[in-house]
Amino acid sequence: MNKIDGKTIKVPEEVRAIMDTLVSSGYEAYCVGGCVRDSLLGRAPEDWDITTSALPEQVKSLFSNTVDTGIQHGTVMIVIRGIGYEVTTYRIDGKYLDGRHPEHVTFTRSLEEDLKRRDFTINAFAYNDGSGIVDLFDGMDDLEKKIVRAVGDPDARFTEDALRIMRAIRFAAQLDFKVEEETYAAIRRHADNLANVSMERIRVEFEKTLMSRNCGMVNEFFRLGMGDYILPGYAEKCAGFDEEIAACLPGEQEDDARRYLLLAILLKELSAEEAKDALRAMKYDNKTKAAVSAILRYKDAPLQADRARIKKALNEMGEEVFFLEADLQEAITRAGMDGLTKCQDDVTLSTFALVREMAEDIIAKHEPFSTTHLAVNGNDLIRAGVPEGVQLKEELEALLERVIRDPGLNTKEQLMELLRGKS
Ligand code: ATP
Ligand code: MG
């Protein structure tokens, strides 16, 4: 798939079929933007966008299964076998009055006009088999030099739409490119235009950068004066993102786990409550807020290779956060090592391995670590005469304390016996 042969791109069959239909009806049609860029770089494109001289209604009349995803901007989605392909009419963006969205768009018959409105030279390629790669702004050159360069005058382009200043850094981080000098200087000049961009869009670009192979590039946002728009009220206190700790995280991880840990590293100077507040301002979902603030809550209480302590930690944090906590504490420890005390370092690191091993063993053996794991519940205790409320909770916790030390005690008879023995 997507193999480059000279300057030929392997276009998926469905995309080719859409372009063929448009062309045989007398219109022009090209793949455009990210899919061409990624194909040229040998990366698998996320999605395939098509640009055409046909007007939206003309596009719709040619295909049976279409969705008006952005019809006012000329975009129609064509659905083939459950996958959507966006087909957008060549367009010229009108004046940008709000620093983010064009006031209106005008359709045009000129591919060149359509390519001119795109953000970066490496995002402004068009391709079809007949014309090959259409590269009007020396994007190929920039691709080879690994440069992100604005199409046209960067000041004008960043004034039109401030999201582009974050996209420039994001693409540089994802592709391992540099932002071209003039484009970079213009980013600095226009950082405050981010005030015009919604937090949802800011967060998407921020997170794509954070999750990229160059996550340290998020510091560019802070260096370039965008901190207050990304982390309102907390940018200064966070004091940047420690990429050395991030480099010490486990290599293979689920996306969500990595996201929580990277956010915890970003917010590590904040208290759990402040972190939650910062994530709320970033419009993060509840799961993310809860996971990241829990990781931070226990960050300064080192995990220890002690079975009873591990059970208590599992009880307080929950299994998911416990293992994330181990990852974070280990990464912080590794990043802080200077290699001089190698022997001590090895002991510290083997502690983390042991902590994980013990926790996995506790879980695998179903050893109780929560009052919900006890062989008795609140009702059993009430029936035995324990009053509801604080005392009930305390009795259950006292039983758990015993069972944590001796899992063999976790039978109804023994627990009731213990309860009676106490009273
Ligand atoms: P990816 O999908 O990998 O994030 P992409 O380049 O495909 O990267 P999209 O956001 O999907 O990015 O946009 C598709 C194309 O639309 C871009 O390649 C670019 O040509 C154009 N584009 C997107 N957003 C903007 C923008 N804010 N300003 C100008 N052009 C844009
Ligand atoms: Mg895309």
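Predicted model: local features only at pLDDT ≥ 70, side-chain atom pairs only at ≥ 80, totals over all residues.
Which side chain has an N or O atom 3.1 Å from an oxygen atom of ligand 1? The side chain is that of Arg118.

View 1. Besides the Arg118 pair at 3.1 Å, an oxygen atom of ligand 1 lies 2.8 Å from a backbone N or O atom of Asn123. In the side chain of Asp161, an N or O atom is 2.9 Å from a nitrogen atom of the ligand. A polar contact is a pair of N or O atoms within 3.5 Å. On its own, ligand 1 has 580 Å² of accessible area, and the protein covers 79% of this (Shrake-Rupley method, 1.4 Å probe).

**View 2. The shell around ligand 1.** The ligand is surrounded by 14 residues (a heavy atom within 4 Å), the closest being Arg37, Asn123, Asp161, Arg164 and Arg170. By class, 10 are charged (Asp, Glu, Lys and Arg), 3 polar and 1 nonpolar. Helices H2 (34-40) and H7 (163-175) each supply at least two shell residues; H7 gives the most, with 4. Helices are DSSP runs (H or I) of at least four residues.

**View 3. Domains of the protein.** The domain assignment, automatic or from a database, gives domain 1 (1-145), domain 2 (231-365) and domain 3 (368-423). Between domain 1 and domain 3, the C-alpha centres are 66 Å apart.

Residues are numbered from 1 along each chain as written, and chains are lettered from A and ligands numbered from 1 in written order. Local features need pLDDT of at least 70, side-chain atom pairs count only at pLDDT 80 or more, totals for chains, interfaces and linings use all residues, and side-chain values use heavy atoms, without hydrogens and water.

Conventions
Polar contact = N/O pair within 3.5 Å; in protein donor to acceptor, adjacent residues only side chain to side chain.
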